[in-house]
Amino acid sequence: MNKTVKTIVEIALFLLCCFLVYLIYSSVMEPVRFNKEQAKRTAVAVQRLKDIRTLQVAYKGENGKFTSTIDSLKNFYENGKMTIVMQVGSADDSLSVVHTEAVKKANKKITPQQLFEMYKAGDDKLVFSIESKINVKDTLFNNRPDFCIDSLKYIPFSGGELVEMEAETRTVSGVQVPLFEARMPFKKLLKGMDEQLRINQDCERRDQGRYEGLQVGSITTPNNNAGNWE
């Protein structure tokens, strides 16, 4: 073998070794990159599902049931009102309780609003609660400058895929129970990522009897609107 051929062979072997090292490195690092990207996407998705849950609970508080569409949640957020209960005074303050009962006895038709007016006028020994209606938009997510109601219906990182949501009322132990669930399958949430790793993960979750994605609430089993990440 002449010197030129030997040099060519050595270079070829070196390049082949570099290629093999790259393949090994990539095979080791791909699951690491996958897990890191999945964690990032999951954090965004979980927050969105929590926001859906918050709105659903508020919606049920006013309507007695959950809704199956996020458009209804959006309308409720933008145009609806919700009831808040303000507690004035402490029921543990026995002197204030006695004073309040005396005021009610002397004014048998007195309303909570009238009690509130008396409280504002200076009678700080009253104990009562009063309901009022406030705009949903002025109450929920006020501490979230990043909250966007228009994004609520979409699965993040999916290219515009919609959140899957259902709501119904089931009889549980003889009682009518409103239920809802909202889902983001990994097939959509992890779109564009390593397909085989995602398929393997879905298969593993199915074998474990777990949903292949993120879900909050359940229309089959009451779970206090818990998320499957909790």
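1. Phe-66 has a relative accessibility of 9% and therefore counts as buried, where buried means under 20% relative accessible area, exposed over 50% and partly exposed in between, with a 1.4 Å probe and protein chains only. Phe-180, at 0% relative accessibility, counts as buried too. The model is a predicted one, in which local features need pLDDT of at least 70 and side-chain atom pairs count only at pLDDT 80 or more, while totals for chains, interfaces and linings use all residues. Residues are numbered from 1 along each chain as its sequence is written, and side-chain values use heavy atoms, with hydrogens and water left out.

2. Rings of Phe, Tyr and Trp (its six-membered ring) pair if their centres lie within 6.5 Å, with planes under 30 degrees apart counted as stacked, over 60 as edge-to-face and the rest as tilted; by this rule there are 5 aromatic pairs. One of them joins Phe-66 and Phe-180, whose ring centres are 4.9 Å apart and whose planes stand at 55°, so the pair is tilted. This pair links distant parts of the chain, since Phe-66 lies in the loop between helix 1 and helix 2 and Phe-180 in strand 4, 114 residues apart. Helices (H or I, at least four residues) and strands (E, at least two) are DSSP runs, numbered from the N terminus.

3. The rings of Tyr-77 and Phe-141 have centres 6.1 Å apart and planes at 50°, so this pair is also tilted. Tyr-77 belongs to helix 2, whereas Phe-141 sits in the loop between strand 2 (128-135) and strand 3 (164-172), 64 residues apart.

4. Leu-55 touches, among others, Leu-73, Tyr-77 and Phe-141, contact meaning heavy atoms within 4.5 Å.

5. In helix 6, Arg-198, Gln-201, Asp-202 and Arg-205 are buried. They cover an arc of only 100° around the axis, which puts them on the same side of helix 6, the arc being that of the directions from the helix axis to the C-beta atoms. Helix 6 is followed by Gly-209, whose phi is positive, near 75°.

Notes. Lists of a residue's contacts leave out its neighbours within four places in sequence.
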